[in-house]
Amino acid sequence: MRYYLRKLAFYLVALWAALTLNFVIPRLMPGNPVDILLAKLQLRGGSVDPAARRSFELLLGGGGDESVVSQYLSYLGNVFRGDLGVSVSAFPAPVSQVIADSLPWTVVLVGIATLLSFLVGIALGALVGWKRGTWLDALVPATTVLSAVPYFWLALILVAVFASALGWFPLLGGYDVVLSPGWDAEFLSSAIYHGTLPALTIVVSSIGGWLLGMRNMMVSAASEDYVLTAQAKGLRDSRIMIRYATRNAVLPSVAGVAISLGFVVSGSIITEQVFSYPGIGSKLLQAVQNNDYALMQGIFLVITVAVLGANLVVDLLYALIDPRTRVTG
Amino acid sequence: MTNPSPVTAPSRTKDGRRAMLPRWSPKLGVGLGLIGAIALFGVVGPLVVGDPNAVRDIGLTAPGGEHWLGTTQTGQDVVAQIAFATRGSLRIGLLVGLMATVLSAVFGIVGSYAGGIVDELFSLFSNVMLVIPGLPLVIVIAGFVPAAQRGSWTIAVVLAITGWAASARVLRAQTLSLRNRDYVAAAKVAGEKTWRVITVEILPNLLPLLASQFVFAVVLAILSEAGLSFLGLGASNSSTLGTMLYYAQNGFALQREAWWWFVPPGLVIALFGCGLSLVNFSIDEIINPKLRDVPRRPGKVAEALRVTPAERGEDDAVLTVEDLSVVYQGDKPVHAVKGVSLTLRRGEILGLAGESGCGKTTLAYAVNRLHKPPAEVTSGAVTFHDRDGTDTDVLGLGPEELREFRWTKLSMVFQGAMNALSPVTSVAAQLDDVLTTHRPGMSRADRRARCVEVFELVGVDPARLGSFPHELSGGMRQRVMIAMALLLDPQVMIMDEPTTALDVVVQRGILLEILKFRDELGFAVLFITHDLPLLLEISDRIAVMRDGEVVELGTAQDLHLDPRHPYTRELLDSFPSLTGDRGGFIRGTEPALHDGGVR
């Protein structure tokens, strides 16, 4: 119980830090983003009334005579109501609408790709670590190269080979544009078809990290006493590998998801850009290019909250697989 | 339970410094070669390749002739561009790597050394920074800074700020463990100033880790910067490999199949990152020596072994060890067990005594072929004489036969049961494993009943079957181990220092039970310990080992009253005497309590 409370408290602190960071950064930056936004808003035919000005000022600072503390409190209030302001690049859609449209694409893509690369990487790493001294060792330097490859470059290469040269997969996009999004088979298969290369990019670039980490832990676990005991017990090698070595060696990898998830999300933002994937990463870059500060901040918040949430889930799962965390008191 | 290996750990003196340097290996060679070549290219290249920005009217020329790697859309030479871009990427990578390492050292080392609230705050801060995704944050910051004001320093600082947290966490964990080491405590007691303790005692020991974190930070920085530049959010005044890829992407290099424009820059990043990772492997091996390239395979039994299974002796032997030799192969082979011959009789307790490193554990492991390379059985024979009349040549068993032999005929109880049980699996599952493997015909209910039965035998409440090892006391864990060893009703049990880590009262209780089981169940015990007085108390016969040889073998009584070998006398004298008599640890003058006292 204490473990869960500690974790929950930690993520609340992290969430507060992210919210505060989001509030502070624009106020520390040069220039006057509010005026830029309002000018853009006017260009798009939005009404530049005091209400619009105030909502931007809460997000970005500057302008009014309101104290920082009261701005901060109103800002927090807005965020918790889900009011993230108006997007000027997608006017008149509010930021929350833009995010709601693009987030599912990214969650599904990154979620599936990450799960896949985690599972395959862990399984291969366990095997390579257990069978060290065999030809499988050659996988180690190979994956080292893979994990040093920049995501976007790998994406470019995959596009060049499988989309441009061979024509097996589409060059870009998340679905065939002649279809209208919906839960029908045609649309889903189109989405899967379009998502294959982006997912492959994420899987290939992130699998090396899991594999290497798992392999090293497996090598350590193989020399633990409980493995020797299991051997003395006359258990089959496969059983020792899975039930004893892997079961123990996987713990640090699961605990390390927190560190890796940030990298994966970062990588997938750039990957989305290469494929013009309709996810939240592409939207973030569009927002940056269009100086759509409200959207930019909203997306940053949502990405952060999503990563924090995923980490919390992983931490809770961790408690299930490591009985030692469940110690009370 | 330490696997006795004569490969000694490097001392802190002369070899200590050598241990801080990576061992030469092909991986290290290739890694250093890649880094060296690319660094050289980045440093010297720009001096010889000419102007990277010179525009020619030969846009997108394929490689060949004057332009080895062709030209860009505007006819710029790709080689020249790469040379300058490599320099730019290396510069920012080093800069960020350095800053991030310093930041992580401050938060990781200083925090954990200071301890208390400072540590709590620093660690909380690092962890929060760790879970907030870096690149989105960098993108947002870069988005707020107008392009004209985005210099390479701005980018470097932002990358450093978002990239130090993972290292800080690793450094903190290591510092915490170093902080509690004896020599650090000694320095503190001696009144050394805090900064001196950190710089003199802690930092040098963290160097390999710091080096590996620095390498990691450089790789990360180069990759992040490349990503940022690729998105068009990099420093406006510098050209890096990421910038090159940005122009390639926007110049439709992909669509025009101008592979020479976008493949080489990424390749340089990948190869450089790969080189650094390979070097990191070697550094990791210093930090964790287990990772060194020792193949994990079963211990070898010499091919040309004289296999002459022993005759079944007239004295009802259950296990015969004949002329067994075990050698730790290496540059200087170490003969850990030298021609040992022993006979274990049915139902007897044979003590094996000797000081640490005398080869007794090596001998015990070799009997069950649990020895690991570089240990190798070079000569001898181990024969198991089954109750049913068959004899088994243990050293000659095939892998599958050996697996079936283990635990059914011969089980083991190891020292430190803390680690002999897997910490993440319930005790019941670890007992059940044995039954599912060796008794595939048993039903789930039967297996459960058998587990309950052995738990009751060793005096542990069967309700504890569902417990995990960390929920049991040391004594209970050892009883669980014994229960596990009893599961298949084996004929021989090898016990390696089974009670050494326990307090005297618990130890005594467990010993009494072992004696009781021996009488009730009739298995023979090979009992290994450095504690000769204890052996005198429980054993029927005792073998004294020294430097891999059995120097004396006799009944407990003979050994106690009339030790022949000077070493046996020495061992007996080395134990504290409570009564003034030699071996006075044993209360009274009766040498072996099992002749009457204990039962």
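Which residues of chain B does UniProt list for "transmembrane region"? I started with that one. The UniProt record, an unreviewed entry, gives residues 28–49, 92–114, 121–145, 151–171 and 259–283 of chain B. I kept in mind that the model I'm looking at is predicted.

**Entry 1: the listed spans**

I picked two of these spans and checked them in the model. Residues 28–49 of chain B are 95% helix and 0% strand, and their end C-alpha atoms sit 30 Å apart. For residues 151–171 of chain B I got 90% helix, 0% strand and 31 Å between the end C-alpha atoms.

Next I looked up the domain. UniProt, again in an unreviewed entry, puts "domain: ABC transmembrane type-1" at residues 90–280 of chain B. That span is 82% helix and 0% strand in the model. Its end C-alpha atoms are 17 Å apart.

**Entry 2: a sheet in chain B**

Then I went looking for strands. I found an open sheet of six in chain B, in the order 7-8-9-4-10-11, with mixed pairing. Which strands sit at the edges? They are strand 7 (410–413) and strand 11 (549–555) of chain B, and each of them pairs on one side only. Ignoring direction, neighbouring strands in this sheet are turned by 15° against each other on average.

I zoomed in on one pair. Strand 10 (residues 541–546) and strand 11 of chain B run antiparallel, and six bridges join them. I traced one residue across: B:Val544 has B:Glu552 in strand 11 as its bridge partner.

A helix packs on this sheet too, namely helix 18 (residues 504–521) of chain B. I noted that helix 18 touches strand 4 (349–353), strand 8 (492–496) and strand 9 (524–529) of chain B. The direction of helix 18 makes about 155° with that of strand 9.

**Entry 3: where chain A meets chain B**

Last, I checked a helix pair across the two chains. Helix 10 (residues 237–255) of chain A and helix 15 (residues 427–438) of chain B have axes that come within 13 Å and cross at roughly 165°. Because of that angle, helix 10 of chain A is roughly antiparallel to helix 15 of chain B; the cut-off is over 145 degrees. The crossing is right-handed.

Which residues meet there? On the helix 10 side I listed A:Arg239, A:Arg243 and A:Tyr244. On the helix 15 side I listed B:Gln430, B:Asp433, B:Thr436 and B:Thr437. Sorted by type, the residues of this contact come out as one nonpolar, three polar and three charged.

Methods
Residues are numbered from 1 along each chain as its sequence is written. Chains are lettered from A and ligands numbered from 1 in the order in which they are written. This is a predicted model: local features need pLDDT of at least 70, side-chain atom pairs count only at pLDDT 80 or more; totals for chains, interfaces and linings use all residues. Side-chain values use heavy atoms; hydrogens and water are left out. Axes are lines fitted to C-alpha atoms, for helices over the stretch in contact, and angles run from 0 to 180 degrees between N-to-C directions. Helices (H or I, at least four residues) and strands (E, at least two) are DSSP runs, numbered from the N terminus. Angles under 35 degrees count as roughly parallel, over 145 as roughly antiparallel, 65 to 115 as roughly perpendicular and the rest as oblique. A crossing is left-handed if the near helix is turned anticlockwise from the far one by less than a right angle, and right-handed if clockwise. Contact means heavy atoms within 4.5 Å. Ala, Val, Leu, Ile, Met, Phe, Trp, Tyr, Cys and Pro count as nonpolar, Asp, Glu, Lys and Arg as charged, and the others, Gly among them, as polar. UniProt positions are given in the numbering used here, feature names are shortened, and annotations may be inferred rather than shown by experiment. Two strands pair if DSSP finds at least two bridges between them.
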